Amino acid sequence: MNIVSRLSLGLGLALLASCTEPDSARPLQLTPLTYGMLDGWSAEAPETLLPLLRAECQRLMRLPPETHLGGVAGAIPNGSIAGEWQGACTALQSIGNTREAARSYFEQWFAPYLVSNDALFTGYYEPQIYASAVKTDAFQTPLYAQPADLIHTKDTAGEWVTGRWEGGKFVPYYTRAEIDHGALSGRGLEIAWLRSPEDLFFLQIQGSGRLVMTDGSIRRVGFAAKNGAPYVPIGRVLVSRGDMAAEDVSLQSLRNWLAAYPDRAQEVMEQNPDYVFFKRVDSIPLDRGAPGAMGVPLTPGRSVAIDRSLLPMGAPIWVDTHLPQANGGEGHWMHLTFGQDVGSDIKGADHADLFTGWGEDAEHLAGKMRSHGRMIVLLPHPPA
C-alpha cells in the first residue's frame, strides 16, 4: 500500500461540531528545541513505541526514495521524502527494547522542532455499529461500497477532481441528498444494512468502524472513497440556525438533537453533501486499530491525524495537552504520538486528531476532546 494513498479515518469529530477552525493559512514555522525542553520526556516510555516505528519503517523503506511524505517544500529540514528516513530506520534494526536504548535512539536520530505552543487537539475513534447482512424491518439504511462510476482524476488544469461521466460530460458525483433519495439504489453496492441514517452519518464522519452483525460476528469496514463534495459540519449548521448554542455542541448533543427532531434530521444531515463509501477490511485482527493513511494499524493514544500538506506522514509528534477524565475533569497528558493518518478537516500544522480507539470509552473521550497545548514534531536526521 502506497503511503500517499487515501485510507483516511481521521475526518475530525470535533470539527463536525465546531464553529471555529484552526488557521490553516498560518505559515509553518519550526523552532529547533532540545529534548530537555520537552516537558514530560523523561517520564515517557519510548521502548513501547519501537514496534510502531518499526511498522512505519517497513512501509517507508519499501517506497521509492524520492516519495514525498508531506510537508511544505523548504520548511521541513528533513524527513519530507522517504529516502531521508533511511538512516533512522536502518539504525532502528539494531536497537534493543530497553528504555535507555530507546531513549538514546530517539535522541540520536530525531531532532525536535516546536510547531505551536497553542495547537488544537481533537479526537476520533472507530465506532461500533449494529448491522445486518440483509435488509430487514429494523435495518433499512444501506452502507454502500464505492460505485464503479465514481472517478477521481485530474482535470485539464492538473487539479484533482471527483465525479462521473453523464452524456459525454464529466459532472460532480451524487450528493448526500441525491444518494439518500435513491441515486444508487438497485446497483448491489450494499455492504450491510444499518439501523438508522444517523448511524451511517456518524460512521462516515469517522471514516471506518466495526459492524456488530445480527449473528454476533464483527466485521470491520474502512474508507474506500468520497463523492468529492465539500464537508459541512452539521454543528455549524444548527448553530447558524439558532437551534443550538456553540458551547453546547458535542457528539452526544448532536445525536440527541437528531433523535429529538426526526422530521428535520435528514434535512440537516443533507446540509453536509460529503458522502463516504466503504469497503470490508478483514486483514487486521480486531484487537488492533484499523489502518490509517500510512497503511499501518492505528494505535489508541499513539496515532494522530495531521495535515500532510504541512507535516510529513510518519513523523513522531510530541503532544503536551490536557484530556477529559472519567470524573469530568481534565488531566495533563504528555506523550509521543505518530502522524499516521490524515483527515478532511485537519487543516493547519497546529491541529492534530488523536485516535482514541474503539468502544464506548473511546467514543466518550473523542466526543469530549477539544483542548489546546504544545505540539512538537521530531524529524529524522539524514543518513550519515
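Residues are numbered from 1 along each chain as its sequence is written, and side-chain values use heavy atoms, leaving out hydrogens and water. Because the model is predicted, local features need pLDDT of at least 70 and side-chain atom pairs count only at pLDDT 80 or more, while totals for chains, interfaces and linings use all residues.

**Stop one: the cores**

Start by selecting L53, Y105, F106 and F110, which touch the most other members of the largest nonpolar core, a set of 59 residues. (A nonpolar core joins buried Ala, Val, Leu, Ile, Met, Phe, Trp, Tyr and Cys residues through side-chain atoms within 4.5 Å; buried is under 20% relative accessible area, exposed over 50%, and partly exposed in between, with a 1.4 Å probe and protein chains only.) Next, colour strand 2 (110-126), which gives the most to this core, with 7 residues.

Then move to a second, separate core of 24 residues, including L189 and V221.

**Stop two: the charged network**

Select D199, which is buried at 11%. D199 forms salt bridges (Lys or Arg side-chain nitrogen within 4 Å of an Asp or Glu carboxyl oxygen) with R195 at 3.9 Å and with R255 at 3.8 Å. D199 lies in helix 6 and R255 in helix 8, so this pair ties together parts 56 residues apart in sequence. From R255, step to E363, its salt-bridge partner at 3.9 Å; E363 sits in helix 10 (residues 360-368), 108 residues apart from R255. Show R195, D199, R255 and E363 together: shared partners join them into one network.

How values were computed
Helix = DSSP H or I, 4+ residues; strand = E, 2+ residues; numbered from the N terminus.
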